[in-house]
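Reader: Can you walk me through this one? I'd like quick answers, one topic at a time.

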Amino acid sequence: MVLYYSGTGNSKFIANCIASALETDCLNLNERIKAGDTSSVQTEENVILVTPTYAWRIPHIVSDWLEKVDLVGAKRIWFVMDCGSEIGNAAKCNRELAAQKALVYMGTAQVVMPENYIALFSAPNKQEAKAIVESAKPAIRSIIDCIRNGMEFPAPRNNLYDRFMSSAVNPIFYKKIVKADAFTVSDACIGCGKCVQLCPLNNIRLDKGKPVWGSNCTHCMACICYCPKEAIEYGKRSVGKPRYHFEALGMTENECWRGILNDTRTIQRCSTVLG
């Protein structure tokens, strides 16, 4: 069974690729987290968790949810993390989380996908993003091969920098950077409420037809990147930057995963392309 949480569509795409290739179910954790639903989940023996990378680890809202939920039937867990550049030493935290859940840890895989974190970085334009997605396909194929064959993912890079970013920097980053107070909205806003609908922490409400942010934010970038009028800014940091979400690429998930699936039928190995 594939469990996924996704901010702007990258993890959802990868999760659907894996679930389709392995012919298994796919569960959207955004809905569970938004609803505060921590009831048990009936899974298969193999669980694949797909998430974006937030400050060199899986998102806190995902690990917090997973700690509270009973995965009935699960025995093994693979972690798949997409990122704009790197995942740090997230594997150590994932291994600890697996142990806490009494699951056999089967490794952590990194998939580089288009950047969406426009609160700090720049997102690629449409053509650049499409090229990045194409470049990610070999890693996704290798992930599928590993899981299909019951193999552990190859160990990702783990140097001093990685360990520092995932341990010391992660909590500081959340405390100092991950805040909603810089979000603003312009008169271009049409009050559609899409930002309210997409916020996984119910941190946005409409007041007189305009979004208002609370203090419980995870910086998923869904509100700013999915706004149909690009009416939302994050202070001055996002001004002039492309917005990114997977669906805007016009690359349908069915077309993408079907190509990956066809390739994996002839590549029954766990490639060192991972990590």
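Reader: Is Val196 buried or exposed, or in between?
Author: Val196 is partly exposed, because its relative accessibility is 24%. The classes are buried under 20% relative accessible area, exposed over 50%, and partly exposed in between, with a 1.4 Å probe and protein chains only. This is a predicted model: local features need pLDDT of at least 70, side-chain atom pairs count only at pLDDT 80 or more, and totals for chains, interfaces and linings use all residues. Residues are numbered from 1 along each chain as its sequence is written, and side-chain values use heavy atoms, with hydrogens and water left out.

Reader: Where does Val196 lie?
Author: In helix H7, residues 194-198. Helices (H or I, at least four residues) and strands (E, at least two) are DSSP runs, numbered from the N terminus.

Reader: What is Val196 in contact with?
Author: Lys34, Ile204, Arg205 and Leu206, leaving aside neighbours within four places in sequence. Contact means heavy atoms within 4.5 Å.

Reader: And how far apart are Val196 and Thr43?
Author: They are 30 Å apart in space, C-alpha to C-alpha. In sequence, 153 residues separate Val196 from Thr43.

Reader: Switching to the sheet. What is the strand order?
Author: S2-S1-S4-S6-S7, an open sheet of five strands with parallel pairing. Two strands pair if DSSP finds at least two bridges between them.

Reader: Which strands stand at the edges?
Author: Strand S2 (26-28) and strand S7 (104-112). Each has a single partner strand, so one side of each has no neighbour in the sheet. On average, neighbouring strands are turned by 20° against each other, direction ignored. Axes are lines fitted to C-alpha atoms, for helices over the stretch in contact, and angles run from 0 to 180 degrees between N-to-C directions.

Reader: What does H1 touch there?
Author: H1 packs on the sheet and touches S1, S2, S4, S6 and S7. The direction of H1 makes about 160° with that of S4.

Reader: How many bridges join S4 to S6?
Author: Seven, with S4 running parallel to strand S6, residues 76-83. Pro52 stands opposite Asp82 in S6. Leu49 stands opposite Phe79 in S6.

Reader: And S1 with S4, how many bridges?
Author: Three, again in the parallel sense. Val2 has Ile48 in S4 as its bridge partner.

Reader: How many residues of S4 are buried?
Author: Six of the seven, so S4 is largely enclosed by the rest of the structure.

Reader: Now the rings. How many aromatic pairs?
Author: Eight. Rings of Phe, Tyr and Trp (its six-membered ring) pair if their centres lie within 6.5 Å; planes under 30 degrees apart count as stacked, over 60 as edge-to-face and the rest as tilted. One of the pairs is Tyr5 with Tyr54: the centres are 6.2 Å apart and the planes at 85°, so it is edge-to-face.

Reader: Where do Tyr5 and Tyr54 sit in the chain?
Author: Tyr5 is in the loop between strand S1 (2-4) and helix H1 (10-22). Tyr54 is in the loop between strand S4 (46-52) and helix H3 (60-68), 49 residues apart from Tyr5. Tyr5 and Tyr54 are buried.

Reader: What about Phe183 and Tyr234, how are those rings arranged?
Author: Their centres are 4.8 Å apart and their planes at 75°, so that pair is edge-to-face. Phe183 is in strand S8 (residues 183-185) and Tyr234 in strand S11 (residues 232-234), 51 residues apart. Both are buried.

Reader: Which rings link into a cluster?
Author: Trp56, Tyr117, Phe121 and Phe173.

Reader: Where is His219 found?
Author: In the loop between strand S10 (210-213) and helix H8 (222-226). His219 is buried, with a relative accessible area of 4%.

Reader: Which side chains does the His219 side chain make polar contacts with?
Author: That of Tyr117 at 2.6 Å, and that of Tyr234 at 3.2 Å. A polar contact is a pair of N or O atoms within 3.5 Å; within protein, one must be able to donate a hydrogen and the other to accept it, and residues adjacent in sequence count only if both atoms are side-chain atoms. His219 also touches other residues, including Tyr54, Ala119 and Lys179.
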